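Subject: Structure for your review

Dear colleague,

Please find below the structure that I am handing over to you. My notes on what was found in it follow directly after.

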Amino acid sequence: MMDEGVQLLDLADHRVGYVDIPGAREKTPLVLLHGGGLDHRMWSPQLRADLGRRTIAPDARGHGASSPAETPHRLADDVAWLLDALGIDRAILAGVSMGGGTAVDVALEHPSRVAALVVSGTGTSEPSFTDPWVLETLEAWKEAEAQGDIDAWIRAFMRFSHGPERTPDDVDRSVWDAVEAMVSDTMSRSLPRDDDGLPALPTPPTPVTGTWERLSGITVPVLALAGALDSIDHRRPGRCLADAVPVGQYTEVADSAHYPNLENPAAFNAAMANMLSHHSL
């Protein structure tokens with residue numbers, strides 16, 4: 001169930017659901033981009049905190065209260081359209097996982113709209129995976145998708161919440177339940193059944209290409225974060241991103257895996273605030 005603070009806005013070819021928290025007008029607005037399969041609720045700790053600036057958390061197409069992903073689209077363009085509709089010239093973009101890749105894509109495709117980047121659990125929208133634990137998880141995910149087994153798909157997805165070094169019992173129950181509720185909602189809301197009764201897969205986003213080769217062109221400050229307990233495939237790209245941009249910093253968030261903003265929000269928020277303060281944003 002979506003919370004009561006969600007607003008709806010019609011953009012070029014879809015409707016977006018988003019939460020908009022007011023803040024100091026002299027501060028650059030912050031846009032929070034959630035991970036794949038989740039929605040704006042993954043940013044609840046940040047939305048409840050006083051981040052000192054206007055803070056916007058949209059649902060990506062096919063997630064939350066936004067329109068299903070039924071036509072070709074680029075997530076980076078959706079963010080730029082939302083900024084246009086809200087009258088925001090430039091924003092700080094913070095994203096986890098898929099949202100982090102989208103944030104980098106916006107900086108590459110719409111550079112004038114980005115004042116800074118905070119990217120967690122990824123490097124760009126073009127990841128590569130070699131860690132056996134990740135490959136095993138992705139294979140289980142792919143098999144569940146091929147069989148139309150939503151429960152198995154969710155079980156595979158949830159493995160990223162604890163990472164390769166822990167079990168589900170090691171994750172705070174409130175965090176685990178929140179992630180599981182979001183992905184379950186996404187699967188039930190965004191995957192209508194086809195004529196055979198199987199889930200109809202959404203239209204995937206059109207990829208932005210050549211991202212790694214273009215990173216030197218991102219001149220705004222970049223903070224790359226990663227959960228210290230996340231897989232190496234989700235930590236290494238952040239370090240590579242920070243090394244590839246002119247102004248980059250890499251930091252690991254203790255006691256967290258793929259969702260450090262949920263597992264250790266105090267450390268996540270502090271790292272973000274320190275970077276933005278350092279660059280007078």
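The axes of α2 and α3 come within 8 Å of each other and cross at roughly 70 degrees; these axes are lines fitted to C-alpha atoms, for helices over the stretch in contact, with angles running from 0 to 180 degrees between N-to-C directions. The two helices, α2 and α3, are therefore roughly perpendicular to each other, a term that covers 65 to 115 degrees, whereas angles under 35 count as roughly parallel, over 145 as roughly antiparallel and the rest as oblique.

This is a predicted model, in which local features need pLDDT of at least 70 and side-chain atom pairs count only at pLDDT 80 or more, while totals for chains, interfaces and linings use all residues. Residues are numbered from 1 along each chain as its sequence is written, and side-chain values use heavy atoms, with hydrogens and water left out. Helices (H or I, at least four residues) and strands (E, at least two) are DSSP runs numbered from the N terminus.

On the α2 side, L75, A76 and V79 meet M98, T102, D105 and V106 of α3, where contact means heavy atoms within 4.5 Å. The residues of this contact divide into five nonpolar, one polar and one charged; Ala, Val, Leu, Ile, Met, Phe, Trp, Tyr, Cys and Pro count as nonpolar, Asp, Glu, Lys and Arg as charged, and the others, Gly among them, as polar.

The buried residues are L75, A76, D77, D78, V79, A80, L82 and L83, and they pack against β1 (7-10), β2, β3, β4 (55-58), β5 (91-96) and α3. Just after α2, G87 takes a positive phi of about 70 degrees.

The structure holds one cavity of 30 Å³ or more, and the volume of the largest cavity is about 170 Å³. On a 1 Å grid over the protein atoms alone, a cavity is a set of points where a 1.4 Å probe fits but cannot get out, and a pocket is an open set with protein on both sides within 12 Å along at least five of seven lines; lining residues have an atom within 4 Å of a point. Grid points are joined across faces, edges and corners, and a volume is the space filled by probe spheres set on the points. Of the 16 residues that line the largest cavity, L33, P58, D59, A60 and V79 are the closest to its centre. Helix α2 gives the most to this lining, with four residues, and the lining as a whole divides into nine nonpolar, four polar and three charged residues.

The second largest pocket has a volume of about 170 Å³. Helix α9 (residues 265-278) supplies the largest share of its lining, five residues. By class, the lining of this pocket has six nonpolar, three polar and three charged residues; among them are K27, D50, R53, M272 and L281. Also in α9 is A270, which is partly exposed at a relative accessible area of 35%.

Finally, P29 is placed in the loop between β2 (15-21) and β3 (30-33). With 15% relative accessibility, P29 counts as buried. Leaving aside residues up to four places away in sequence, P29 touches R53, R54, I88, R90, A91 and I92.

With kind regards

Key: Buried < 20%, exposed > 50% of the residue type's maximum accessible area, 1.4 Å probe, protein only.
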